[in-house]
Amino acid sequence: WLPKARGLLTIKCDVDLPVKLTELDLKPPDKPKLAELFERYEFKTWRRELDGAGSGAEESASAPVAREPAAFRANTARQYVCVSTEPELDAWLGKIRAASLTALDTETTSLDPLRARLVGISLAVTPGEAAYIPLGHVYPGAPDQLPLELVLAKLKPWLEDACAAKLGQNIKYDQLVMRQHGVDLVGVDDTMLMSYALDAGLHGHGMDEMATLFFGHKPIAFAEIAGSGKNFIGFARW
């Protein structure tokens, strides 16, 4: 394999070229041909540059991308609840089943979805209204929590319903975590992928950056609460 690898990695300098070096001089661009290619492959920034509209970086600096007004405002009434009883869980089951779209997030013990265990599940159906279902908090004095098996048994039909629309950030992670718990999470859309598809190179697509961009809200960084390095405290312990 080593001689073969060396051959593959060596630049060949004895290849016959179909053109002469003098024919490779820089020539004026074929704008009609470029315009056709840029339109076909949706290279919008290059298409604008071809028309003399400037580079994407210049546009980004001089004219921020227009955004629709955010539905969530600072004065939006907020009702955030911690679900710790079965009647409360049943009430929220009714809400998510009736909702046209539900935001879903999981809190876990690890960034590795194949090792992570569920610590809690968050649900939201309208701006300012959300629920957190604690499942695996182990800090001293932690309140009573519903059994994980009970919660998953009640949520599983909804989680596995492809017609029940769910939305999450980096939802593939949550799908893998749920799969480790015997649940096939389907019917999902991903805000991170949506952001990338719409504005791939204009900004980052993490939750904190998008919250600031779309809602003018700077979230509390996870490291500010959980710490980092030797001072890190896992989510299950707070």
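# Exploring a predicted model

Reader: Is C13 buried or exposed?
Author: C13 has a relative accessible area of 75%. Buried means under 20%, exposed over 50%, and partly exposed in between, using a 1.4 Å probe and protein chains only. At 75%, C13 is therefore exposed.

Reader: What kind of model is this?
Author: Residues are numbered from 1 along each chain as its sequence is written, and side-chain values use heavy atoms, with hydrogens and water left out.

Reader: Which helix has the lowest confidence in the chain?
Author: Across the chain the mean pLDDT is 86, with 90% of residues at 70 or more. Helices (H or I, at least four residues) and strands (E, at least two) are DSSP runs, numbered from the N terminus. Confidence is highest in α6, at a mean of 97, while the lowest mean, 43, belongs to residues 56–62, which form helix α4.

Reader: How many contacts does the stretch of residues 55–66 have beyond near neighbours in sequence?
Author: The pLDDT is below 50 over this stretch. Where pLDDT is low, the predicted coordinates should not be read in detail. With contact meaning heavy atoms within 4.5 Å, the model gives residues 55–66, beyond near neighbours in sequence, a count of nine.

Reader: How many disulfides does the structure hold?
Author: A disulfide is a pair of cysteine sulfur atoms within 2.5 Å. Turning to another cysteine, C82 is partly exposed, at 44% relative accessibility. The number of disulfides in the structure is zero.

Reader: How many bridges join β2 to strand β3?
Author: Two strands pair if DSSP finds at least two bridges between them. On one side, β2 runs parallel to β5 (residues 166–168), with A103 opposite L167. With β3 (residues 118–126), A103 stands opposite A124, and T108 has L118 as its partner. β2 and β3 run antiparallel, and the bridges joining them number six.

Reader: Which residue in the hairpin of β3 and β4 takes a positive phi near 85 degrees?
Author: β3 and β4 pair in the antiparallel sense over six bridges, and A124 faces A130 of β4 in this pairing. Two residues lie between the strands of this hairpin, and the one with the positive phi is G128.

Reader: What is the distance of the polar contact between the side chains of H137 and Y132?
Author: H137 sits in the loop between β4 (129–134) and α6 (148–159), and it is buried because its relative accessible area is 11%. Beyond its neighbours within four places in sequence, H137 has contacts that include V119, F235 and W238. A polar contact is a pair of N or O atoms within 3.5 Å; within protein, one must be able to donate a hydrogen and the other to accept it, and residues adjacent in sequence count only if both atoms are side-chain atoms. For H137 and Y132, the distance is 2.7 Å.

Reader: What arc do the buried residues of α7 cover around the axis?
Author: In α7 (residues 171–180), the buried residues are I171, Y173, D174, V177 and M178. They lie on the same side of α7, because their arc, taken from the directions from the helix axis to the C-beta atoms, is only 150 degrees.

Reader: Which exposed residues sit on the face of α7 turned away from its buried side?
Author: The buried residues of α7 pack against β2, β3, α6, β5 and β6 (188–190). The face turned away from that buried side carries K172 and R179.

Reader: Which loop holds N170?
Author: Most residues other than glycine have a negative phi, and most peptide bonds are trans. N170 is not a glycine, yet its phi is positive, at about 55 degrees. N170 is partly exposed, as its relative accessible area is 32%. Its place is the loop between β5 and α7.

Notes
This is a predicted model: local features need pLDDT of at least 70, side-chain atom pairs count only at pLDDT 80 or more; totals for chains, interfaces and linings use all residues. pLDDT is the predictor's confidence in each residue, from 0 to 100.
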